[in-house]
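Open the structure in your viewer and keep the sequence panel beside it. The stops below say what to select and what is found there.

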Amino acid sequence: MSEVFGRPFGVTKNGEEVRELTLDNGVLSCGILTFGATLRTLLVPGREGTVDVVLGYDSLEQYETEGGFFGAVVGRYANRIAGGKFTLNGQEYVLARNDGPNHLHGGTVGWSHQVWTVEEADRERAILTLDSPDGEEGYPGHLQAKVTYALEGDALSIRYEAVSDRDTPCNLTNHSYFNLAGQGSGPVLDQELKLFASAYTPTDDTSIPLGRVEPVEGTPMDLRTSGPIGKRIDEPFQQLIWGRGYDHNFVVDGRPGTLRPAARARSRATGVAMEAETTCPGVQLYTANYVEEGRRGKNGAVYGFRHGFCLETQHFPDTPNQPAFPSATLRAGERYDQLTRFRFSLKKA
């Protein structure tokens, strides 16, 4: 790749140049924007040719103005923090309330809407960094983040690293919307999904966890057996009613910090199958319940309600206010280090 990484993709409203990096290892290829460290395209082998399995946009303006965090890296704290505040080391910190009464995905101008620096890039790997000053969006500590995208055979890995000079909440994820039948192919309800999760964290009507972990058994949240995403999504179960579908944190089976299976999905239409592994304690399944009909996507595609599903590997939501949950506090001088890998294969019909 040239010294000037990637191709121009536009200029932000603040006058910052944005570029798109292309990775290609002969099996998979993807496009990554410096805006939000965003995964804009992900091309994988399908039964009848290459399939782009992530939703996205063709213009920078849409990434700046449209909601949904399509493909972006979100932080400093992915997911929600109740009431837009938390207490750490005896001090209360106040954040933006940008999701009803709560704080979501880093605030008013989270990392999804900032231009990252390309530290290094070649045909199969890209390292992007972001410098988050003390007090940004109300968070304590000067934090330096690094995200590494790498194509590894039939897999895309995303590694998240960060260090801070003060204790601070830290929770990073990628917010890609997957559609294994191809972006722009419509709803994903007939695509098959399995979660390696025996428990989840139920929420109130604003998507804030109630502070407990409950078994999925005997509920529509039990996705431990592969089946269509839409099979039970509209059952009269209060959690699904409040979320308009799945928008919940599931507790990944196994020991946090070890790379282990989180999810498995496939489309019978294209034969594309995907396996997700992570070191994170949880994964948020979100079925695009708030993507409005008629949203314009890539290559003339039109998106709408439930046209994708997100697997946001993460710490649990609202952990700074939930002492019973695994801690998401990054201590001063320590290193945040989490890895998620998406592996692709082709299955027979």
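This is a predicted model: local features need pLDDT of at least 70, side-chain atom pairs count only at pLDDT 80 or more; totals for chains, interfaces and linings use all residues.

A search of the whole structure gives three cavities of 30 Å³ or more. Rolling a probe the size of a water molecule over the atoms shows where empty space is left.

**Aromatic rings**

How many aromatic pairs does the structure hold? There are 13. Tyr57 and Phe70 make one that is stacked, with 5.1 Å from centre to centre and 10° between the planes. Tyr57 sits in the loop between strand 5 (49-52) and helix 1 (60-65), while Phe70 sits in the loop between helix 1 and strand 6 (73-74), so that the pair links parts of the chain 13 residues apart.

Phe70 and Tyr177 form a tilted pair, 4.3 Å centre to centre with 40° between the planes. This pair, too, links distant parts of the chain: Tyr177 is in the loop between strand 16 (173-174) and strand 17 (192-195), 107 residues from Phe70. Tyr177 is buried, as is Phe70. To see the cluster that ring pairs build here, select Phe9, Tyr57, Tyr63, Phe70, Tyr177, Tyr286 and Tyr303.

**The pockets**

Tyr177 and Tyr286 lead on to the largest pocket, where they are among the residues nearest its centre, together with Arg80, Leu104 and Tyr290. In total, 18 residues line this pocket. They divide into seven nonpolar, six polar and five charged, and the space is about 300 Å³.

While Tyr290 is selected, show Arg244 as well: Arg244 lies over the face of the Tyr290 ring, 4.9 Å from the ring centre.

For the second largest pocket, select Thr12, Lys13, Asn14, Glu16, Phe35, Glu64, Thr108, Val109, His113, Gln114 and Val115. Its volume is about 180 Å³, and its lining has three nonpolar, five polar and three charged residues.

Select residues 29-33, which make up strand 3. Is this strand buried or exposed? Five of its five residues are buried. In a regular strand the side chains alternate between the two faces of the sheet. Here Ser29, Gly31 and Leu33 lie on one side and Cys30 and Ile32 on the other, and both faces are covered.

Strand 2 (residues 17-24) runs antiparallel to strand 3 and is joined to it by five bridges. Leu21 has Ile32 as its bridge partner in strand 3. Four residues lie between the strands of this hairpin, in which Gly26 takes a positive phi near 90°.

Next select residues 38-46, strand 4. Strand 4 is also antiparallel to strand 3, again with five bridges. Leu42 in strand 4 stands opposite Cys30. This hairpin too has four residues between its strands, and Gly36 in the turn has a positive phi of about 70°.

Move on to the five strands that form an open sheet in the order 19-18-21-24-27, with antiparallel pairing. Strand 19 (214-215) and strand 27 (310-314) are at the edges; each has a single partner strand, so one side of each is left without a neighbour in the sheet. Within the sheet, strand 21 (residues 247-251) and strand 24 (residues 282-286) pair over five bridges. Which residue in strand 24 does Asp247 stand opposite? It is Tyr286, already seen in the ring cluster.

**Last stop: Trp242**

Finish in helix 2 (residues 238-243), which holds Trp242. Trp242 has a relative accessible area of 36%, so it counts as partly exposed, between the 20% limit for buried and the 50% limit for exposed. Show Asp204 as well: its C-alpha is 7.9 Å from that of Trp242, although the two are 38 residues apart in sequence.

Methods. Residues are numbered from 1 along each chain as its sequence is written. Side-chain values use heavy atoms; hydrogens and water are left out. Buried means under 20% relative accessible area, exposed over 50%, partly exposed in between (1.4 Å probe, protein chains only). Helices (H or I, at least four residues) and strands (E, at least two) are DSSP runs, numbered from the N terminus. Two strands pair if DSSP finds at least two bridges between them. Rings of Phe, Tyr and Trp (its six-membered ring) pair if their centres lie within 6.5 Å; planes under 30 degrees apart count as stacked, over 60 as edge-to-face and the rest as tilted. A charge sits over a ring if NZ of Lys or CZ of Arg is within 6 Å of the ring centre and within 35 degrees of the ring normal. On a 1 Å grid over the protein atoms alone, a cavity is a set of points where a 1.4 Å probe fits but cannot get out, and a pocket is an open set with protein on both sides within 12 Å along at least five of seven lines; lining residues have an atom within 4 Å of a point. Grid points are joined across faces, edges and corners, and a volume is the space filled by probe spheres set on the points. Ala, Val, Leu, Ile, Met, Phe, Trp, Tyr, Cys and Pro count as nonpolar, Asp, Glu, Lys and Arg as charged, and the others, Gly among them, as polar.
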